[in-house]
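Please read the report below alongside the sequence and the 3D view.

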Amino acid sequence: LDNVLTEQENNEFISRVDATLEECINAINEKQNTIQSGLQEAFSVDGVLDDNDAAILNWWNERGQTEKEEAQKLHDEITQIEQTAFSEGRALTGEEEEAIRQRYARIKQIELECQANNSYEMEYAQTEFQNRMQNIDAEGASKLLQQRIEGYKENEIQIKTQYDTLISQ
């Protein structure tokens, strides 16, 4: 009412934003753990974790880290906007409120995407694993190993090409 943020209002606001960030990071971690477990389970059918499998696992780790960094950056921007208004002894401007809303919404969007993707991807990985296990016999295992070998050979060609290109440059 007096257009001044009190210390209590500031603390409550920061606590809500901190809680939102924590929920988002928990969703990201849960997604990472679920995907990693599902992929490792699927990849371990043949008992070999090849370079392609490791690259996929690494990509998911990097993606999760990127999502965490984005959420943290948005959190920090929100906190900075709030702290500036508080330290200046004033209420938030309309522009500041809109900036906070946008950043807050993006944090919640990341969290929701992680929760939605997490459920789908977990179900997908489990179903794929079960389907592989139901259909695998000696011939299927042989085909799976041949596919892995082909993937390894293709990866080896790509690595050699990258190496040769870097040497050329």
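## Model and confidence

This is a predicted model, in which local features need pLDDT of at least 70, side-chain atom pairs count only at pLDDT 80 or more, and totals for chains, interfaces and linings use all residues. Residues are numbered from 1 along each chain as its sequence is written, and side-chain values use heavy atoms, with hydrogens and water left out.

pLDDT is the predictor's confidence in each residue, on a scale from 0 to 100. The chain averages 77, and 69% of the residues score at least 70.

## Fold

The chain has four helices and zero strands. Its pattern along the sequence is α-α-α-α. Helices (H or I, at least four residues) and strands (E, at least two) are DSSP runs, numbered from the N terminus.

Contact means heavy atoms within 4.5 Å. Take the contacts between residues at least 6 apart in sequence: 80% of them join residues at least 24 apart. Burial is defined by relative accessible area: buried is under 20%, exposed is over 50%, and partly exposed lies in between (1.4 Å probe, protein chains only). Of the chain's 169 residues, 30% count as buried.

## Nonpolar cores

A nonpolar core is a set of buried Ala, Val, Leu, Ile, Met, Phe, Trp, Tyr and Cys residues joined through side-chain atoms within 4.5 Å. In soluble globular proteins, nonpolar side chains tend to be buried together. Here the largest core holds 19 residues. Phe13, Cys24, Ile78, Leu92, Ile100 and Ile110 touch the most other members. H1, H2 (51-87) and H3 (94-135) each supply at least two residues of this core. H1 gives the largest share, seven residues. Another core lies apart from it, with five residues, among them Ile35, Phe43, Leu57 and Trp60.

Leaving out residues up to four places away in sequence, Leu92 touches Leu5, Ile81, Glu82, Ala85, Glu97 and Ile100.

## Cysteines and aromatic rings

How many disulfides does a search of the whole structure find? It finds zero. A disulfide here is a pair of cysteine sulfur atoms within 2.5 Å. Cys24 is in no disulfide, as its nearest cysteine sulfur, that of Cys114, is 6.0 Å away. Cys114 is likewise in no disulfide, with the sulfur of Cys24 as its nearest. Cys24 counts as buried because its relative accessibility is 0%. Cys114 is buried too, with a relative accessible area of 0%.

Rings of Phe, Tyr and Trp (its six-membered ring) pair if their centres lie within 6.5 Å; planes under 30 degrees apart are stacked, over 60 edge-to-face, and the rest tilted. The count comes to one aromatic pair. The rings of Trp59 and Trp60 have centres 4.9 Å apart and planes at 75 degrees, so the pair is edge-to-face. Trp59 is partly exposed, at 46% relative accessibility. Trp60 is buried, at 14%.

## Polar residues on the helices

Thr20 sits in helix H1 (residues 7-43). Thr20 is buried, with a relative accessible area of 4%. A polar atom of the Thr20 side chain lies 3.0 Å from the backbone oxygen of Arg16. Beyond four places in sequence, Thr20 touches Tyr104, Ile107, Lys108 and Glu111.

Not counting residues up to four places away in sequence, Glu67 touches Ile28, Lys31, Ile110 and Cys114.

Arg106 belongs to helix H3. Arg106 is partly exposed, at 25% relative accessibility. Its side chain makes a polar contact with the side chain of Glu70, at 2.8 Å. A polar contact is a pair of N or O atoms within 3.5 Å; within protein, one must be able to donate a hydrogen and the other to accept it, and residues adjacent in sequence count only if both atoms are side-chain atoms. Leaving out residues up to four places away in sequence, Arg106 touches Glu70, Leu74 and Glu113. The C-alpha atoms of Arg106 and His75 are separated by 9.9 Å, with the two residues 31 apart along the chain.

Lys73 is in helix H2. Lys73 counts as exposed, at 54% relative accessibility. The C-alpha atoms of Lys73 and Arg103 are 9.3 Å apart, and the residues are 30 apart along the chain.
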